[in-house]
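Take a moment to look over the sequence and the 3D view. Then follow the text from one contact to the next.

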Amino acid sequence: MSDGLFDLPGAPAPARGGGSLADADHTAAPLAVRMRPRSLDELVGQQHLLAPGSPLRRLVEGDQPMSLLLWGPPGTGKTTIAAVVSHQTNRKFVELSAVTAGVKDVRQVIDGARRDLARPGGAVETVLFIDEVHRFTKAQQDALLPGVENRWVTLVAATTENPFFSVISPLLSRSLLLTLESLTDEDISLLLDRALVDERGLNDEFELAADARDHLLRMAGGDARRALTYLEAAAGGARAKRDQAVKYRQATEPEPTESTDSAEAEAVRRAVIDLVTLETAVDRAAVRYDRAGDQHYDVASALIKSIRGSDVDAAMHYLARMIEAGEDPRFIARRLVISASEDIGMGDPAALGVAVAAAEAVQLIGMPEARINLAQAVVALALAPKSNAVIMAVDAAIADVKAGKVGPVPPHLRDAHYAGAKKIGHGSSYQYSHNDPRGIVPQQYAPDVIDGTDYYNPTRRGGEAAYADRVAAIRKILRDRA
Ligand SMILES: Nc1ncnc2c1ncn2[C@@H]1O[C@H](COP(=O)(O)OP(=O)(O)OP(=O)(O)O)[C@@H](O)[C@H]1O
């Protein structure tokens with residue numbers, strides 16, 4: 001590993017302990033960082049990426065330099081893979097977080113990497129790791145392209161969001177996309193065992209009770225960093241409890257007997273992490289996580305559920321939490337746009353316009369001002385009449401299509417614009433709606449197999465009541481085909 005890690009002037013500090021394997025040597029580093037795998041063989045799960053001869057192996061073995069795009073849930077090994085690539089190929093590791101870095105930082109790293117390639121003493125190659133690349137704007141992502149195209153850096157970009165929506169296509173097409181999967185309970189359990197005994201970790205000083213382990217696995221939800229952070233917090237709690245107990249015993253029994261002595265020696269050697277200790281410690285650790293934004297899916301879900309529940313105050317609270325946690329405002333806006341159709345829909349069709357406008361305002365204005373646009377959308381959505389009739393309609397129709405209910409398009413609706421179409425009956429008996437004074441003619445539009453099926457079942461809430469009356473009247477005319 002080179003000495004020059006993070007030595008760029010003004011380079012932003014690595015987030016959450018950073019991806020450098022050198023960090024892992026500090027005993028003060030968090031447990032998750034100390035336990036970071038040093039080679040691909042220490043990686044658990046992700047077996048689909050690790051077969052001999054796989055692109056990732058070839059990259060690490062150094063014979064296939066290429067940029068990587070790693071897509072997967074938090075705490076599944078994206079930073080770890082970047083660090084292993086740099087470590088095993090003796091490349092310098094530079095990390096930028098897309099949350100705090102800008103175009104200037106990207107250019108600075110790329111310029112530094114070019115200089116390093118031309119070092120008189122021998123070229124030093126650079127792995128540039130960009131965490132949360134989806135939070136870069138298009139312009140910021142563009143700034144990465146020259147470095148990638150000219151191979152001045154090996155870019156490893158990580159994202160928790162679908163890169164087909166969040167990463168610019170020139171970057172997508174120039175990188176190898178690897179998808180990481182959530183870790184299973186068995187994977188996480190293995191990592192816990194390793195961390196409990198390993199010298200880099202808890203060095204066999206703790207015992208994890210079975211019920212505490214089960215609870216830990218449930219709370220980790222496939223995120224290794226979360227599991228190890230909670231384990232570390234619980235170990236701290238168990239150590240404090242044990243020390244207190246020893247002190248108390250020493251104070252009340254100044255002359256230890258042989259049996260208390262050996263029991264104490266064992267207790268001192270290995271403190272037990274039980275369920276109560278874990279739960280107390282995790283309450284505190286969870287608050288820290290929240291601030292770091294790692295609970296963002298839970299809080300985002302609570303925001304949407306509060307909007308659905310029309311609790312405008314709770315919704316405002318969760319919005320504030322997301323903003324304070326440094327959540328990407330575009331992520332918040334996208335959630336609001338979905339909610340506008342999923343939960344309000346035809347209850348107030350204008351809600352979709354409000355949400356899309358807020359999303360555009362976020363792009364135009366940026367934070368902190370865009371918080372006001374987001375807040376307006378949250379209020380409008382929370383107070384709007386609620387209907388899920390739209391999502392129910394489309395999902396029911398998709399379920400039928402998937403079940404094979406498709407059937408041919410009725411001949412009178414088929415394309416009549418090409419030569420010979422009329423001859424085979426296409427469009428011949430088609431009736432033009434505008435010729436009817438009602439603007440609607442009794443005519444079949446759906447294929448036979450679903451003709452007469454009501455997919456859209458309006459509620460009578462808010463503006464949808466008028467649509468409910470209208471759809472009933474329309475269906476009556478359409479189906480009166482005597
Ligand atoms: N597949 C894995 N095998 C072994 N340890 C892992 C794995 N994934 C994560 N870890 C452990 O969890 C810690 C955090 O993982 P890492 O930083 O690689 O996650 P990440 O996918 O980059 O997460 P994020 O998206 O939150 O940045 C690592 O330091 C390591 O201790």
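Which residues in helix 15 meet which residues in helix 18? From helix 15 come V312, A315, M316, L319 and I323. From helix 18 come R371, L374, A375, V378, V379, A382 and L383. Keep in mind that this is a predicted model.

Now sort these residues by class. The contact of helix 15 with helix 18 has 11 nonpolar residues, no polar ones and 1 charged one.

How do such helices sit against each other? Two packed helices are described by the angle between their axes and the distance between the axes. Helix 15 covers residues 312–324, and helix 18 covers residues 370–383. Their axes are 9 Å apart, and the packing angle is about 150°. Angles over 145 degrees count as roughly antiparallel. That makes helix 15 roughly antiparallel to helix 18. The crossing of helix 15 past helix 18 is right-handed.

Helix 9 passes helix 10 in a right-handed crossing. On the helix 9 side, D185, I188, S189 and L192 make the contact. On the helix 10 side, the residues are R213, L216, L217 and A220. This contact has 5 nonpolar residues, 1 polar residue and 2 charged residues.

Helix 10 also packs with helix 11, at an angle of about 140° and with the axes 8 Å apart. This pair is therefore oblique too. Again, the crossing is right-handed. Helix 10 gives L216, M219 and A220 to the contact, while helix 11 gives R226, A227, Y230 and L231. By class, 6 of these residues are nonpolar, none is polar and 1 is charged.

Helix 11 leads on to the ligand. Helix 11 (224–252) supplies at least two residues of the shell around the ligand, and so do helix 1 (31–34) and helix 3 (78–88). How many residues surround the ligand, and which are the closest? There are 23, and the closest are P74, G77, T79, T80 and A224. The shell has 11 nonpolar, 8 polar and 4 charged residues.

Terms used: Residues numbered from 1 in each chain as written. Predicted model: local features only at pLDDT ≥ 70, side-chain atom pairs only at ≥ 80, totals over all residues. Left-handed = near helix turned anticlockwise from the far one by under 90°. Helix = DSSP H or I, 4+ residues; strand = E, 2+ residues; numbered from the N terminus. Contact = placed C-beta atoms within 7 Å. Nonpolar A, V, L, I, M, F, W, Y, C, P; charged D, E, K, R; others polar. Near = placed C-beta within 6 Å. Axes fitted to C-alpha atoms, helices over the stretch in contact; angles between N-to-C directions. Parallel < 35°, antiparallel > 145°, perpendicular 65-115°, else oblique.
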